[in-house]
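Please open the model in your viewer and keep the selection tool at hand.

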Amino acid sequence: MSEAVPQKQFKYITKRRRVIEDRRFITGRGNFAADYNFPGMLHVAMVTSPYACAEIKNIDASAALALPGVRYVLTGAELFEHINPLLSGLDLPNVKRIPLAHERARYAGEWVAAVVAESRHIAEDAVEMVEVDYDPLDYVIDPEEAMKPEAPMVHPQHGSNILCDKTWVWGDVDGDFESAPHSLAFRAKWSRNSTVPIETFVVTAKWDEGKELLDVWASIQMPKYPEQIARALSLPVNAVNVHFDVDVGGSYGLKRGIRQTVIVSYLTRKLRVPVRFNEDRLENMSGGEMHGPDRIFDMEVAYDGDGIMHSIRIKATDDAGCYPGRAPLQLGKPVSAIVGPYRIKSASYNAISVTTNKTSQEAVRGFGQAPTNFAIETMVDKVARSLGMDRDEVRRRNLIRADEFPYRIPSGSEYDSGDYHTVLEKLQETAAWQELIAKRDALRAEGKLAGLGLSTCLEPSGGNSSFEPFLNPKNDTTTWMESCLIKVDMLGSITALMGTSTSGQGHETLLCAVIGEVLERDPDTIRGTHSESIGALPSNSPVGSRMAIMLGGAAASAAEKIKTQLMEIAAHNFQLPVDRLIYDGGDISVEGDSDKVMTWTQLVDIAHRNYHKMPLGSEPGLQAQHTWEVPTGGALPAEDGTVQMYPCYAFEAHIPLITIDRETGQVEILDYHMGHDCGTVLNPDIVRGMTFGGIAHGIGAALYEKFEYDEGGQHLSGSFMDYLLPSSHEIPHVEMIKHYTPSPLTTFGQKGSGESGYLGAPAAIASAVNDALAPLDLELTTLPMRVRDIEGLLNGQND
Amino acid sequence: MSEHKITLTVNGREMSGYAESRVTLVDFLRDELGLTGTHIGCEHGVCGACSIVLDGKPVRSCLMYAVMAEGHEITTVEGLEGPQGELSPLQDAFWENHAMQCGYCTPGMLIATHTLLVENPDPDEEEIREAIGGNLCRCTGYQQIVEAVQMTAKKLREAT
Amino acid sequence: MKAAPFDYVRVSSIDEVCQVLADSGEEARIIAGGQTLVPLMAMRLARPSLLIDINDVSELSGISVDGNDLVIKAGTRQADALASDIVKSNVPLLADALSHVGHTQTRNRGTVGGSLVNADPSAEIPLIAQTLDAVIVARSTRGDRTIPVNEFLESAMATTLAPDECLVEAHFPIWASKNTGFGFHEVSIRDSDFALAAAAAQVTLNRKGNCEKLNVAIGGASPAALRLTIVEEELVGTDLGDDAIKAACAKIGDLIDPQADVHADAAYRGRVAKVMAGRAICDSRDRAKGVLQ
């Protein structure tokens, strides 16, 4: 860390502290969903559709059912009769989503029937014996083809393949384009990829007939999971108990296995034994929740000869795949930062969500922001190139200045704080920008293709739900709260509970450090833990870079309530007003009379045992809860189409230096610097790690990763041999430069960082590749930029 | 189809169980022997989450059938601690450097780097990256893992 | 991803392997390292009814020099071959290529013979065998059979090994001349991926520094690793100038038949195959001259 938090010294937060959760992972004692076993548990394997689109005429499971060990074969038709369709993010009453294909299979790999057997091995044997009679139908894979009136319809009852086509104009876009001396237009593509965790989705459900309670152990990261299960199964939510203490083996937005959960929940209620579905990698990659945004950007920018950008027009066409769950909402979130970190005075945005015969798109780290940032940054580079200006200079001229915050962008979001120029300056200084340019030019002089990349991007954080009412007026949700319950037991130890699961973000560590900070108690003596859903306070799960802000805020507020209770007990016993007392490390003394002290132990003992020493009418025991509303939340979008999306905005800038092998198209990253400002950093190691991981995801998206379909509608990237996750060889050492501009909206000035790195790395790598190609007057604007794409551009015309 | 009684040495203890021929070693370790520290990521030999030590060498336990391990010696992540549950220097360095997030690839990473340090107590960054080149991590970008191994190597050197 | 059911037998001698193969017919498969077979079985793309485990057959393991040949027994682990000084000093091309095979963990189990019988068109070991005119020895209850590698490698994932034959060893000719150098290049997307195209070359220069003998082959651009005899013929006798090498490699377009897959189109593979061949020949020349380590 290059600089201490400027505004205040903290005792526990902001310091390096070991991450509590790590202790169990390094000893093989994690509690992942596949680690839970129950007597008599049955296993599910899926029959999958070989067709991109087909009518399911008949399913004959008799041979499978005759195999010893096979207990049941569940079809979409049976589910359709007994459950409620799953929720859709948009208002699409005629698009019914059932966990298994019902009447029609709509993508290759779609789950058509679930085989239940005594072991996964037997279930897979039986899958081969289920005979499905399909009638193949016309299908559509390309989203632009899908928008044509003659295209085969994915959901005929919806009447169109267009799920959403909305345009917003913020400011005088036409006027600004007319008055600007320059404009340029281009198309950029972000191909279907995602953050692919190493653990697949795993869920076990167990119906307890005696309690009439459905217990669920799942590798889940999803808002309102218990509620969604209950709705689908027509159960009250208090009959569903999700065990949020299950460790989730990576998610980054994706672990949203509501279909899987509904299937095993239905089965355990029907068969009266625990049922597990542990996706294998093939089920996971083709039929699970693995596919992310798949987006075409048509961009236009109006600018002047000084490189000042005046207005932008963005059209984003997103291929949602086959079933629109929350995927289309990923078109809404980027409105949060639709002009990036730049002072662009007007903007228009046309968001189009299209359904095709591909696997459904799911939420991915950044919720649509990483693709949008890539498109915006590509635009800024193009402005610089068109004027012959340096890319950093164009950015400096357009970046919002530190004295302009809070800054309201045309679409209505107010950026809380930032010091973009300083971060960029620090980064360029540390990275030795001029020397990197010299190094690049020296490589070029040797005949190599070398490029220096630059991106300056925002990470909106503190996730709220504003994109829901923004894209779906029937949804009037305006809170996206998070809660914490703290109890101090009779012997004085502190336990804090959250009502959600964790997939690597270190929430236990977060709770302990924040509560320790407020109560001035050693975090190592505090236990932070996950409540079961049945005892949990409202939560919206760790999405949208929100937990440092939201869980941190809830925990700090609950801890303040505990502190207040302690002060009141002490005041009552000292017979003094509270403002005469000093709280120090849990003990409370009288100002100016340091001999008069009540210790933490004494105070806690009074709260639990000596009601006669408590203030009249107070609540015995020592516990507090707090449920936090998202800062700046609570409002519906305005009638003029403006909306306050996420509250906090972190800033990141990336500088990679790369070379390209002219003859093979291989990219080598020689050097990588990144500047990062996410306000007050609660745990430096956690923020550092998430940022490095985000950069690795970004490099994967920029160079390697794509879910590919062929013209026959077959998914070609169904295994780890076909979908390429970068290894330790492909990810470089990254030098990170920190800066700390606190948010005025949060408890300690913290902003989110769960999506950091990923929001700027793809743009930066693309910038570097295009800088390397620039001397040849070539460019690429489609991600990923794979060896064959780069080499083909360089040499393909020779064929 | 054949079922076998399989006896092998796991983390210094002789253990036995039954498995069909087709049960992979990782499934056997997890389901039959209850050692759930070794994880399954891809079941086709790419991700390395199931890495174990077999006769002193790191290997994929999803690419072996359990019956093939009969009579062999295996170390899993559960075997890296000392007899009193004390952390190995490598485990401690993974913790100190927060060389993980979700923890799912961590057992495999520990196995890969543990065996590296046995063979090469002073690896450079390239050698560390080579040793974990077959272990995929989606959380960390690998950097804190490399740092943890570097710290361990340094500590081990200073101790000798 | 669980394999279909199968029977399993562990054997301890080559004769036993041959007997079981003879008795069980085409549905039996030998398993050694399993690094290719087990994933195929997990995806049920391979479903043998019987696996014959040869990991206990000690006579199938070992590295030695026999006359002018480096002899590697089929069950030798790739990691052991990579670490072997005998391999490095006698057939350094093979040692170099082995470092590109998979990664540490797969090399610890994977065997030299396993890679040869799997005959992946992109795999390094069959490519080196093809480059150096290796000879394969197979055994069955019918006796031993010696097969030149170009007759052994048939097409993608297929060899001429009979269903009842067990691969015993591979002989890699040792080039004794001091003025010999090798070159190996491959292009893969990630470091440990199968090559999109690979090339190996070995050259001996005469006293004048001209090419006396050149063997060069490419992988990943045809159904099986392919010797580039046209290139060899064109370059033998020349001083192996960069331009001559490039010109010779430009002619291989008609020989190769690259396949498209999700990772690369055929045109890409074709172009980079030429590049890899050129680089491999350049490196072999430079090593023969002692200007490259």
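Helices and strands are DSSP runs, a helix having at least four residues and a strand at least two, and they are numbered from the N terminus. A cavity, as the word is used here, is a set of grid points where a 1.4 Å probe fits but cannot get out, and its lining residues have an atom within 4 Å of a point. Please keep in mind throughout that this is a predicted model.

**First stop: the largest cavity**

Begin by selecting Q505(A), S545(A), R546(A), M690(A) and G754(A), which lie nearest the centre of the largest cavity among the 50 residues that line it. Three elements of chain A, namely α15 (507-519), α16 (547-574) and α18, each give two or more residues to this lining. Which element gives the largest share of the lining of the largest cavity? Colour α15(A) to see the answer, for that helix contributes five residues. The volume of the largest cavity is about 640 Å³, and the lining divides into 23 nonpolar, 21 polar and six charged residues. The structure as a whole holds eleven cavities of 30 Å³ or more.

**Second stop: the second largest pocket**

Next select Q666(A), V667(A), E668(A), H729(A) and D191(C), the residues nearest the centre of the second largest pocket, whose lining comes to 43 residues. Its volume is about 1200 Å³.

Now show chains A and B together and select the residues in contact, which are 53 from chain A and 50 from chain B. The area buried between these two chains is about 4500 Å², with carbon and sulfur atoms giving 52% of that area. On the chain A side, look for R18(A), I26(A) and I198(A), which lose the most area to chain B and together make up 18% of what that side buries.

How many salt bridges are counted between chain A and chain B? The count is eight, and one to select is the pair E96(B) and R18(A), whose side chains meet with an N to O distance of 2.9 Å. Across this interface there are also 25 residue pairs in polar contact, with both residues at pLDDT 80 or more. The elements of chain A that each supply at least two residues to the side touching chain B are α1 (22-25), α4 (120-127) and α18, and α18(A) gives the most, with nine residues. That side of chain A has 22 nonpolar, 18 polar and 13 charged residues.

Select Y8(C), Q105(C) and R109(C), which supply 24% of the area that chain C buries against chain B, more than any other three residues.

Three salt bridges are counted between chain C and chain B, and for one of these select E43(B) with K2(C), where the closest N and O atoms are 2.8 Å apart. Twelve residue pairs across this interface are in polar contact, again with both at pLDDT 80 or more.

**Last stop: two places within chain A**

Over all chains the count comes to 81 salt bridges, and one within chain A is found by selecting R313(A) and D174(A), whose side chains meet at 2.8 Å, N to O. This pair links distant parts of the chain, with R313(A) in strand β14 (residues 309-321) and D174(A) in helix α6 (residues 173-179), 139 residues apart.

Finally, select H626(A), which is found in strand β26 (residues 622-628) of chain A. Which side chain does the side chain of H626(A) meet in a polar contact? The partner is K561(A), at 3.1 Å. Leaving aside residues up to four places away in sequence, H626(A) touches E482(A), S483(A), C484(A), A554(A), S557(A), A558(A) and K561(A).

Notes: Residues are numbered from 1 along each chain as its sequence is written. Chains are lettered from A and ligands numbered from 1 in the order in which they are written. This is a predicted model: local features need pLDDT of at least 70, side-chain atom pairs count only at pLDDT 80 or more; totals for chains, interfaces and linings use all residues. Side-chain values use heavy atoms; hydrogens and water are left out. On a 1 Å grid over the protein atoms alone, a cavity is a set of points where a 1.4 Å probe fits but cannot get out, and a pocket is an open set with protein on both sides within 12 Å along at least five of seven lines; lining residues have an atom within 4 Å of a point. Grid points are joined across faces, edges and corners, and a volume is the space filled by probe spheres set on the points. Contact means heavy atoms within 4.5 Å. Buried area is the accessible area (1.4 Å probe) that two parts lose on being put together, summed over both. A salt bridge is a side-chain nitrogen of Lys or Arg within 4 Å of a carboxyl oxygen of Asp or Glu. A polar contact is a pair of N or O atoms within 3.5 Å; within protein, one must be able to donate a hydrogen and the other to accept it, and residues adjacent in sequence count only if both atoms are side-chain atoms. Ala, Val, Leu, Ile, Met, Phe, Trp, Tyr, Cys and Pro count as nonpolar, Asp, Glu, Lys and Arg as charged, and the others, Gly among them, as polar.
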